[in-house]
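Student: I've got a model open and I'd like to work through a few spots in it. Can you take my questions one at a time?

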Amino acid sequence: MTAIDPICHMEVDESTALQETVDNQTWYFCSQGCRDKFLAQHAEEETPPEPKAACCHHEGGGHTGHHEQKKAEAPAPEGTIYSCPMHPEIEQVGPGSCPICGMDLEPIMPQKEESPEEVAEYEQMARRFWGGLALGLPVFLLAMLPMTGLPIHQWIPITVSGWIQFLLSTPVVLWAGWPLYERAYRSILSMNLNMFTLIGIGTGTAYIYSIIALIFPGIFPESFRHEGTVELYFEATVVITVLVLLGQMLELRARKRTNSAIQELLALAPPTAHLVEHGEEREIPLEEVQAGNLLRVRPGEKIPVDGIVQEGKSLIDESMITGEPVPVAKMQGDEVIGGTVNQTGSFLMEAQKVGGDTLLSQIIQMVSSAQRSRAPIQRVVDTIAARFVPAVLLTSVITFILWSWLGPEPRFAYALINAVAVLIIACPCALGLATPMSIMVGVGRGAKSGILIKNAEVLETLEKVDTLIVDKTGTLTEGKPRLTECITAGTLSENELLQLAASVEQHSEHPLSQAVVVAAKDRELSLSDVQDFDSITGAGVTGTVNQKTVLIGSAAFLNEQSVTINDELMTQANTLREQGQGVIFVAVDGTLAGLLSVSDPVKETTPHAIEKLHELGLQIVMLTGDNEKTANAVAQSLNIDEVEAGVKPQDKYQKVKDLRAAGHKVAMAGDGINDAPALAEADVGIAMGTGTDVAIESAEVTLVKGDLRGVADSIYLSRLVMRNIHQNLLFAFGYNALGIPIAAGILVPFFGIHALLSPMIAAAAMSFSSISVISNALRLRTQS
């Protein structure tokens with residue numbers, strides 16, 4: 001009978017496996033390392049762990065490294081957690097290799113600088129490469145120089161040359177190439193066949209064959225001999241091993257660059273903060289900052305955490321978070337974001353969000369999670385990759401049979417070489433890396449531009465979007481009513497009219513009233529005390545200011561108070577209303593004094609954003625709860641394709657549903673709260689936010705800066721990423737589709753025996769195929 005090891009999830013034979021009885025239940029283990037770890041976990045948690053897919057510590061089974069799967073129900077273990085970019089379900093503490101594909105693992109959360117383990121891993125790989133190169137170069141020369149006509153065998157007899165090649169190639173195989181064979185062994189043991197399976201079988205076959213041919217040449221028939229001599233393939237073994245090591249080393253370096261976006265985000269947080277306490281200022285580590293602390297931020301310094309300005313003012317460069325290059329003015333009461341740069345003034349701030357609660361920390365967590373997610377297209381690739389290695393092994397066997405049957409003499413020698421070449425040239429890793437590398441770089445690129453993408457599936461869906469639904473208030477407009485016109489009709493100046501109106505309106509809670517008050521304060525007008533204030537619901541307000549009776553409200557309200565509105569001012573009012581503005585009239589001591597118009601102005605960036613969205617081929621639908629006249633005025637000025645006014649939240653949801661039912665791919669851009677039903681129903685929900693108000697969890701895409709240009713940029717980014725993925729897949733499939741038949745010798749009938757592909761050339765092609773895929777993905781970092 002078989003059982004499952006609770007630590008590594010490996011299937012083991014109950015009759016031969018190590019076992020342990022805990023709480024009257026017997027558990028079986030593949031190695032002493034798994035048993036020890038199980039007992040240690042049980043001692044800490046008093047409950048046996050659930051089986052998890054991970055690698056384990058096999059002291060006697062050829063496995064190395066202490067691998068541990070992170071469990072959702074238990075706290076993360078101390079130390080950096082590493083995961084596989086191709087198989088994100090594999091996680092462990094510290095660097096190592098994936099038990100499924102054999103690829104080097106990388107940290108889930110990259111650090112500002114490489115960890116000692118990462119440095120040691122790269123240095124060890126480099127030592128193996130340079131050592132293998134130094135030992136392998138003489139082997140290559142001893143085998144290849146005679147082919148150039150150099151009479152090397154007159155100086156070194158063939159037999160002696162063979163033994164020298166054996167002595168030099170053995171440490172290349174058993175030391176330099178040991179990680180490759182170790183991964184190959186593990187893949188066969190777990191039946192997760194991968195690239196290292198092919199390399200291990202290919203080079204191992206050539207190496208063992210060469211040893212037998214060197215020691216027992218007499219056992220080989222003529223079909224294995226060339227000019228009476230059995231060929232040795234030590235040079236093929238060492239060159240392939242060294243080239244694969246070179247490829248692994250370069251790939252290790254290239255993959256580090258795919259995490260550069262997170263590393264740049266991590267570098268934004270300053271290491272220390274200036275704490276002001278009891279009138280004294282001292283420097284403390286960032287980790288010690290607590291909510292409620294008062295912090296000093298000087299010019300040129302990075303803001304340590306999210307908070308509110310308590311004293312002072314400054315210009316803040318928020319481009320690293322929002323992507324907006326223009327510095328933002330901040331004064332008392334304004335929110336500031338951790339990681340942004342203070343430019344001019346010094347100010348005191350109160351820390352509000354610290355540690356993992358800061359916007360920067362949430363962005364880093366979200367980007368890291370999205371980079372490890374899998375796009376739907378990856379499932380198709382995974383299905384193909386799962387059948388790829390067995391298909392290559394079968395192709396290699398068929399190649400050997402056909403060449404040993406139909407090939408020219410020495411038939412078996414050709415059969416062996418071509419079978420090895422087929423194994424070596426195949427590169428399943430190029431297929432496996434095609435999607436995750438592009439996703440990783442694309443998500444990081446978006447984060448640097450203030451576009452936070454929740455997962456890889458969103459990128460694939462966003463590319464296909466053809467309809468964008470937008471709310472008006474806060475999405476197309478600023479979301480804050482503002483005084484746009486102040487027109488006098490009597491002897492009062494604009495400032496006098498505004499000062500009287502604002503003095504009365506300061507006691508009203510109506511949004512339009514607040515816009516008037518803000519406008520007066522912006523002009524630095526002092527507001528007077530008001531007596532006899534009264535608010536008539538749906539009509540207007542009244543009050544006495546400096547012994548003057550002030551009436552503010554609609555035309556009907558003023559008419560009821562016996563105030564006559566002349567035709568000229570009424571015409572101006574109607575013109576403003578047609579433009580979507582709200583109009584209020586002002587009378588002083590029973591005489592018309594003028595009018596004020598208030599509107600929610602369109603953002604300066606909106607017209608350009610709409611133009612970009614139209615260029616991308618999107619139909620834009622505006623749904624708003626505002627009145628029809630205002631909605632039409634905004635839609636007409638922005639060239640929006642379709643508009644619906646007076647819409648309730650449930651109506652927005654139904655509109656999204658109807659559009660999807662009609663076959664459209666719909667994206668919905670809103671504030672993420674009032675538009676929650678529609679955001680959830682859309683194929684892609686896009687939450688518009690500003691600064692620390694952004695609701696990161698409310699949609700699939702969150703724009704840190706509440707700017708519609710971010711919608712256009714996110715759609716363009718998705719198309720760039722998907723195009724990059726298609727390029728990678730085309731290259732990976734094309735490389736394997738062309739390389740494997742050529743290695744099998746398909747060109748020989750047309751071009752002769754010289755068209756055979758050497759296993760050494762196959763190794764070089766295989767090593768650089770993965771690097772080519774990664775390099776293409778890295779282009780996303782610089783594409784505009």
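This is a predicted model: local features need pLDDT of at least 70, side-chain atom pairs count only at pLDDT 80 or more; totals for chains, interfaces and linings use all residues.

Student: Okay, which residues of helix H21 are buried?

Tutor: To count as buried, a residue needs under 20% relative accessible area. In H21 (residues 628-638), the residues that pass are Thr630, Ala631, Ala633, Val634, Ala635 and Leu638.

Student: And what covers the buried residues of H21?

Tutor: Look for both helices and strands here. Among the strands are S27 (619-623) and S28 (642-644). The cover also includes the helices H15 (472-476), H19 (567-578) and H20 (606-615).

Student: Where is His278, and how exposed is it?

Tutor: His278 has a positive phi of about 55° although it is not a glycine. You'll find His278 in the loop between strand S10 (272-277) and strand S11 (280-285). As for exposure, the relative accessible area of His278 is 78%.

Student: Let's move on to helix packing. Are H12 and H24 roughly parallel or antiparallel to each other?

Tutor: Helix H12 (residues 411-425) packs with helix H24 (residues 709-744) at an angle of about 165°, their axes 8 Å apart. Angles over 145 degrees count as roughly antiparallel. H12 passes H24 in a right-handed crossing, and the two are therefore roughly antiparallel.

Student: How many residues of the contact of H12 with H24 are nonpolar, polar and charged?

Tutor: From H12 come Asn418, Ala421, Val422 and Ile425. They meet Tyr735, Asn736, Gly739, Ile740, Ala743 and Ala744 in H24. Sorted by type, the residues of this contact are 7 nonpolar, 3 polar and no charged.

Student: The UniProt record has a "transmembrane region" annotation. What are the end-to-end C-alpha distances for residues 232-250 and 729-751?

Tutor: Both spans come from that UniProt annotation, in an unreviewed entry. Residues 232-250 are 89% helix and 0% strand, with the end C-alpha atoms 30 Å apart. Residues 729-751 are 87% helix and 0% strand, and there the end C-alpha atoms lie 30 Å apart.

Technical notes. Residues are numbered from 1 along each chain as its sequence is written. Side-chain values use heavy atoms; hydrogens and water are left out. Buried means under 20% relative accessible area, exposed over 50%, partly exposed in between (1.4 Å probe, protein chains only). Helices (H or I, at least four residues) and strands (E, at least two) are DSSP runs, numbered from the N terminus. Contact means heavy atoms within 4.5 Å. UniProt positions are given in the numbering used here, feature names are shortened, and annotations may be inferred rather than shown by experiment. Axes are lines fitted to C-alpha atoms, for helices over the stretch in contact, and angles run from 0 to 180 degrees between N-to-C directions. Angles under 35 degrees count as roughly parallel, over 145 as roughly antiparallel, 65 to 115 as roughly perpendicular and the rest as oblique. A crossing is left-handed if the near helix is turned anticlockwise from the far one by less than a right angle, and right-handed if clockwise. Ala, Val, Leu, Ile, Met, Phe, Trp, Tyr, Cys and Pro count as nonpolar, Asp, Glu, Lys and Arg as charged, and the others, Gly among them, as polar.
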